[in-house]
Amino acid sequence: MTEPGPNSPKSPARNEAVALAYTAGEAAPRVVAKGKGVVAREIIERAQEAGVYVHESPELVGLLMQVDLDTRIPPQLYVAVAELLAWLYRVEQDAAQAAAPPQPQNLPASLRPRPETP
């Protein structure tokens, strides 16, 4: 999924942005940045520069704006954020598979590519 370009007539005005961080083993994602106006645009630009996917959901952003910085998201948002993270994981996996060369699967040994020798 791609988002409309900044000059696109369908590009929504981004008045608010929230950045989440999650490390495996943590109880829940944390709000690591949030802001309005210029700050929101900076959050989005930095995310894009870092190759982080930017998801547009005004409803979810509105709820996350109420969470204090460096605080884990509340249990009421677990399902919504978990669904978003699962979807993002699938998008990233699909992109990684599309970029990787096709791998032979279930081929007899005689048909498998042989490793290159120096």
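**Close-up views of a predicted model**

View 1. V91 counts as partly exposed, because its relative accessibility is 26% (buried is under 20%, exposed over 50%, partly exposed in between; 1.4 Å probe, protein chains only). V91 belongs to helix α3 (helices are DSSP runs of H or I of at least four residues, strands runs of E of at least two, numbered from the N terminus). Numbering starts from 1 along each chain as its sequence is written, and side-chain values use heavy atoms, without hydrogens and water.

View 2. The protein chain has 3 helices and 2 strands. Along the sequence they run β-β-α-α-α. The chain holds 118 residues, and 17% of them count as buried. Among contacts (heavy atoms within 4.5 Å) with a separation of 6 or more, 57% join residues 24 or more positions apart. The chain exposes about 9,100 Å² (Shrake-Rupley, 1.4 Å probe). Carbon and sulfur atoms supply 56% of that area.

**View 3. The largest pocket opens among several elements.** Its volume is about 790 Å³. A pocket is an open set of points on a 1 Å grid where a 1.4 Å probe fits, with protein on both sides within 12 Å along at least five of seven lines. The lining of the largest pocket numbers 30 residues (an atom within 4 Å of a point). V18, Y53, V54, H55 and V61 lie nearest the pocket centre. Two or more lining residues come from each of β1 (16-21), α1 (38-49), α2 (58-64) and α3 (78-99). The largest share is that of β1, with 6 residues. By class, the lining of this pocket has 23 nonpolar, 3 polar and 4 charged residues.

**View 4. The largest nonpolar core gathers 11 residues.** Its members are V18, A28, V31, L60, V61, L64, M65, V67, I73, L77 and V81 (buried nonpolar residues joined through side-chain atoms within 4.5 Å). Helix α2 gives the largest share of this core, 3 residues. A second, separate core has 6 residues, including A17, A40, I43 and V54. Back in the largest core, follow V31. Beyond residues up to four places away in sequence, V31 touches V18, A19, L20, L64, V67, D68, L69, D70, T71 and I73.

**View 5. I43 is a buried residue of helix α1**. I43 counts as buried because its relative accessibility is 16%. I43 is one of the members of the second core. Leaving aside neighbours within four places in sequence, I43 is in contact with A17, A19, A33, K34 and G35. Take A33 from that set. I43 and A33 are 10 residues apart in sequence and 7.3 Å apart in space, C-alpha to C-alpha.

**View 6. D70 has a positive phi.** The value for D70 is about 60°, although D70 is not a glycine. D70 is found in the loop between α2 and α3. D70 counts as exposed because its relative accessible area is 54%. D70 is also among the residues that V31 touches.

Terms used
This is a predicted model: local features need pLDDT of at least 70, side-chain atom pairs count only at pLDDT 80 or more; totals for chains, interfaces and linings use all residues. Grid points are joined across faces, edges and corners, and a volume is the space filled by probe spheres set on the points. Ala, Val, Leu, Ile, Met, Phe, Trp, Tyr, Cys and Pro count as nonpolar, Asp, Glu, Lys and Arg as charged, and the others, Gly among them, as polar.
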